[in-house]
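Hi everyone, thanks for coming along. Let me put the model up on the screen, and then we can walk through it together.

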Amino acid sequence: QQYNSSKSHYENVPFEVPESWCWTTLGEIGNWQAGATPSRMRKDYYGGNIPWLKTGDLTDGYICEIPETITDKALEETSVKLNPTGSVLIAMYGATIGKIGILTFPATTNQACCACVDYKAVTPKYLFNFLLSHKEEFVKMGGGGAQPNISKEKIISTLIPIPPIAEQNRIADEIERLITYIEAIELNQGRLEQSLKLCKERILDMALSGKLIPQDQDDEPAIELLRKINPSFTPADNRHYGNTKITIPRNWCWVKLGEIFAVVSAKRVFQSEWQKTGIPFYRAREIVKLSNCGHVDNELYISIEHFESLKNKYGAPEADDIMLSAVGTIGKCYIVNKNDRFYYKDASVLCLKNIHNLNSEYIKFVLDSSVVQMQMQDQSKGTTVDTITIEKAKGYYIPLPPVTEQSRIVKAITLINHTIDKIAAIL
């Protein structure tokens, strides 16, 4: 079939095309046929050697594998049709609407899939790329109902610009080249993002071994701080702990978390006491969100009166306390700020009461580090759900530098992480 460059019979074309191109419809460039589903009651229709594609098998690329098959008997006795190699397929309804594929071998399809066969003046690769670029339009055509649907009639009436065959091949080849280039960029981006993540972890390890910033010999040793907290404090091995590779400087100390923080859980709040307004009520999932992004769209609350009663009797989180997710996704931390007013779920969240006014930002860095995260994971093995109990939390060892060095470490890590985050943001 010959097409000339005249566009007079299509008055409302989407855009102008070169003189050697022309506008036509998808219905004019090939034969379109829908598939069928042989009766599931007939076992003799399934399990043969003829591939039978469902729309979930479409990949927006070449179709190289189709799990389900039908028999020759099904092909002979039902309305299912065999589509040749190179057929371009498009999903017409359901969750996969607009997904496409090119067959690399002959195959049949179900009725939710439409196939273009017997091409006229168009190559399969060019048609495939056009359909891929038009996917959003097909989705819009399907509407927003419970079962989106684009009929065969809507498909074949869609306008398509047709270049000469040689140019179609050049366009398809250039698109494949660019896609390969983009995929390589995305792969390298993923590698760079992973490298930046590992860089943050390495910076943290260096900080917790006293290698990130110079040591100041005039700093009061950490042991003096610990003896102020507890005059009978006896340090553990002063240089090394367990299977960690971190060795700390001589004026630092290994200390158990329970020796410098009061680790507590909340008074139980019954589900019947939850409500939709009032004082926020945080479970482990909310602490995880706060740890990851610093804010949370809260779902649960308790009354102001109930909160005040609990606070007066049992206490509530205060500024510079550290909240710790203790069930499920364990070990995520959030530092309470001075404007926070919330209560928390018993058992699933622990509160590290900062009763000695330690540098909470430094402690959070330590809790986020591999040093403590490994202790958390090792002590949760063998349980159905990862859990941190009060006693476990009290027993975690952390490296504690002099007070003034804690502040310098926090400042250095924050500055470096900010730079890393700026690099990640432009990827």
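So, confidence to begin with: this is a predicted model, and the protein chain averages a pLDDT of 89, with 94% of the residues scoring at least 70. For anyone new to it, pLDDT is the predictor's confidence in each residue, from 0 to 100. Over residues 1-8 the pLDDT is below 50, and this stretch has 15 contacts in the model beyond near neighbours in sequence, a contact being heavy atoms within 4.5 Å. Where pLDDT is low, the predicted coordinates should not be read in detail.

Some bookkeeping. Residues are numbered from 1 along each chain as its sequence is written, and side-chain values use heavy atoms, with hydrogens and water left out. Because this is a predicted model, local features need pLDDT of at least 70 and side-chain atom pairs count only at pLDDT 80 or more, while totals for chains, interfaces and linings use all residues.

Now, salt bridges. How many salt bridges are there? The count comes to 19, taking a side-chain nitrogen of Lys or Arg within 4 Å of a carboxyl oxygen of Asp or Glu.

Take K54 and E68, whose closest N and O atoms are 2.7 Å apart. K54 sits in the loop between β3 (46-53) and β4 (61-63) and E68 in the loop between β4 and β5 (69-70), so this pair ties together parts 14 residues apart in sequence. Helices (H or I, at least four residues) and strands (E, at least two) are DSSP runs, numbered from the N terminus.

Next, E176 bridges to K125 at 3.4 Å between the closest N and O atoms. E176 is in helix α5 and K125 in helix α2 (residues 124-133), so the pair ties together parts 51 residues apart in sequence. E176 is partly exposed at 34% relative accessibility, and K125 is partly exposed at 31%. Here buried means under 20% relative accessible area, exposed over 50%, and partly exposed in between, with a 1.4 Å probe and protein chains only.

K364 and D368 also form a salt bridge, at 2.8 Å between the closest N and O atoms. They are four residues apart in helix α9 (residues 360-368), so about one helical turn separates them. K364 is buried at 19%, whereas D368 is partly exposed at 31%.

Finally, R42, D44, K73 and E77 are linked in a network of salt bridges.
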